[in-house]
Amino acid sequence: MKKLEDKIISDGSVILPNIVKVDSFLNHQIDTALSKDIAEEFKSYYNNKKVTKVVTIEASGIAIALATAHAFDNVPVVFAKKGTSKIMNDTMYTSPVHSFTKNVDYLACIKKEFLTSDDHVLLVDDFLANGQAMLGLIDLCKQAGATISGIGIVIEKGFQDGRALLEKEGYEVCSLAIIDEINENGIVFK
Ligand code: 5GP
């Protein structure tokens, strides 16, 4: 998505070696017009897929999930909460996730009543790096017996392992900007 790539170049920055900062428009301050365009791209890519819920993980996936859910006929958004074992109980599906940016482990949790075997889920997130957040969401969907219709990623770091892991599991991944490499001159897209 050219508009997104241009925005990443003009307004994003890099924390070496491989963290991309886009908090001026994607995951702290949010460019609402761009979010809408992102959502429309996901809609046109997954137009033929049944989607009854958009599922993401807090916090930075929520804004994109909300815009995307509007594009898919206002289906509900469910975001996994990040918790510790203290909140584990039999009303929740939980899955352990390793955070790439914070280098800590947490539990992704979704209340059982909000994800069921009737659901056809579009999973979305702001970034795909090593795929651990997505694999956690996939695990939660599997526990619920929900069908995964596809995965929508705003920015994929193509030099990390996420896509390979997800595709190996048989999931379709639509990424709107794929970063091939980050070098001394900056970000290079695929
Ligand atoms: P993964 O689980 O695929 O390794 O990492 C994805 C998660 O880590 C996303 O939910 C995202 O919030 C965060 N993340 C991974 N890489 C980056 C990055 O380069 N920049 C930012 N801002 N977040 C990232």
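I started with Ser149, and I found its place in strand 8, residues 147–157. A reminder to myself: this is a predicted model.

Next I asked: is Ser149 buried or exposed? Its relative accessibility is 9%, so Ser149 counts as buried, because the cut-off for buried is under 20%. One of its polar atoms lies 2.5 Å from the backbone oxygen of Lys50.

Then I moved on to the ligand. Where does the ligand sit? The space it takes is the largest pocket.

I looked up who surrounds the ligand. There are 17 residues around it, and Val20, Asp125, Asn130, Gly131 and Ala133 come nearest. Sorted by class, the shell has seven nonpolar, seven polar and three charged residues.

Which elements supply at least two residues of this shell each? I noted strand 2 (19–21), strand 7 (120–128) and helix 4 (132–144). Strand 7 gives the largest share, with four residues.

Now for the backbone contacts, which I checked one by one. A polar backbone atom of Gly131 is 2.7 Å from an oxygen atom of the ligand. For Ala129, I read 2.8 Å between a polar backbone atom and a ligand oxygen. For Gln132, a backbone N or O atom lies 3.1 Å from an oxygen atom of the ligand. How much of the ligand's accessible area does the protein cover? On its own the ligand has 500 Å², and the protein covers 89% of that.

Note on methods:
Residues numbered from 1 in each chain as written. Predicted model: local features only at pLDDT ≥ 70, side-chain atom pairs only at ≥ 80, totals over all residues. Heavy atoms only, no water. Near = heavy atom within 4 Å. Polar contact = N/O pair within 3.5 Å; in protein donor to acceptor, adjacent residues only side chain to side chain. Areas by Shrake-Rupley, 256 points an atom, 1.4 Å probe, with all protein chains shown as cover. 1 Å grid on protein atoms, 1.4 Å probe; cavity = no way out; pocket = protein on both sides within 12 Å on 5 of 7 lines; lining within 4 Å. Sits in = over half its atoms within 2 Å of the grid points. Nonpolar A, V, L, I, M, F, W, Y, C, P; charged D, E, K, R; others polar. Buried < 20%, exposed > 50% of the residue type's maximum accessible area, 1.4 Å probe, protein only.
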